[in-house]
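Open the model in your viewer and keep the selection panel at hand. Each stop below says what to select and what is there.

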Amino acid sequence: MAFQKVFKKSEDFSGNALKYLEILENTIKPYIDENYRTNPAPHNTSLIGYSLGGLASLYAIYNFKSFGKIASISGSLWYENWINFITSNSPINPSLKIYLSLGKDEEKSKNPRIRSVSTCTNETLSILQHKLISENNITLEWNEGGHFKDVEERFEKAILWLMK
């Protein structure tokens, strides 16, 4: 996916999501599975991210099969070429569960790219509903407020939905 600048005064994104996910997959997850009582099967392994982390969590489903439950909370799904990417690619594991969460006011951003987040999140939902084994394996929950409202509660909702 392309690197991009979102705010005029910010630096371009470094595009290191794949590198980050490789560390999770090849170093951190094996360490946890080896040193703690876990069930390492994908249907018992969740990856939850917020904002750009939410985008990275969804990106993981196209590159790794060890994560069977994904949550993207206020995911930066406005990211350039995201919709094109998921349209032309399929998740490695089509039986995974995905929880999407977005604040109702996130589309009110002054930044035109970020303002498209509601449209892009709805498109992501629609595309993935057709690429997963069951439409019931994906949901989108709308929350009151904007990007930074009730973040902890939204993580809790994501965990509870993924665990049922």
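**Before you start.** This is a predicted model, in which local features need pLDDT of at least 70 and side-chain atom pairs count only at pLDDT 80 or more, while totals for chains, interfaces and linings use all residues. Numbering starts from 1 along each chain as its sequence is written, and side-chain values use heavy atoms, with hydrogens and water left out.

**Stop 1: the whole chain.** Show the protein chain as a cartoon. The C-alpha trace spans about 45 × 30 × 30 Å along its principal axes. The radius of gyration of the protein chain, 15 Å, agrees with the value near 15 Å for a compact globule of 164 residues. That radius is taken over C-alpha atoms, and the globule rule is 2.2 Å times the number of residues to the power 0.38.

**Stop 2: the surface.** Switch to a surface view. The protein chain exposes about 9,200 Å², and carbon and sulfur atoms supply 53% of it. The areas come from the Shrake-Rupley method with a 1.4 Å probe. Of the 164 residues, 44% are buried, meaning under 20% relative accessible area (1.4 Å probe, protein chains only).

**Stop 3: the largest core.** Select L58, W82 and I98. They have the most contacts inside the largest nonpolar core, which has 32 residues. Such a core is a set of buried Ala, Val, Leu, Ile, Met, Phe, Trp, Tyr and Cys residues joined through side-chain atoms within 4.5 Å. Helix α5 gives the most to this core, with five residues.

**Stop 4: around I98.** Which residues is I98 in contact with, leaving aside its neighbours within four places in sequence? Among them are L58, I70, L128, I138 and W161. Contact means heavy atoms within 4.5 Å.

**Stop 5: the second core.** Now select I73, Y99, A158 and W161. They belong to a second, separate core of six residues.

**Stop 6: T124.** Finish in helix α5 (residues 117–131), where T124 is found. Is T124 buried or exposed? T124 counts as buried because its relative accessibility is 0%. Beyond its neighbours within four places in sequence, T124 is in contact with L58, L77, W82, I83, I86 and L100.

Key. Buried means under 20% relative accessible area, exposed over 50%, partly exposed in between (1.4 Å probe, protein chains only). Helices (H or I, at least four residues) and strands (E, at least two) are DSSP runs, numbered from the N terminus.
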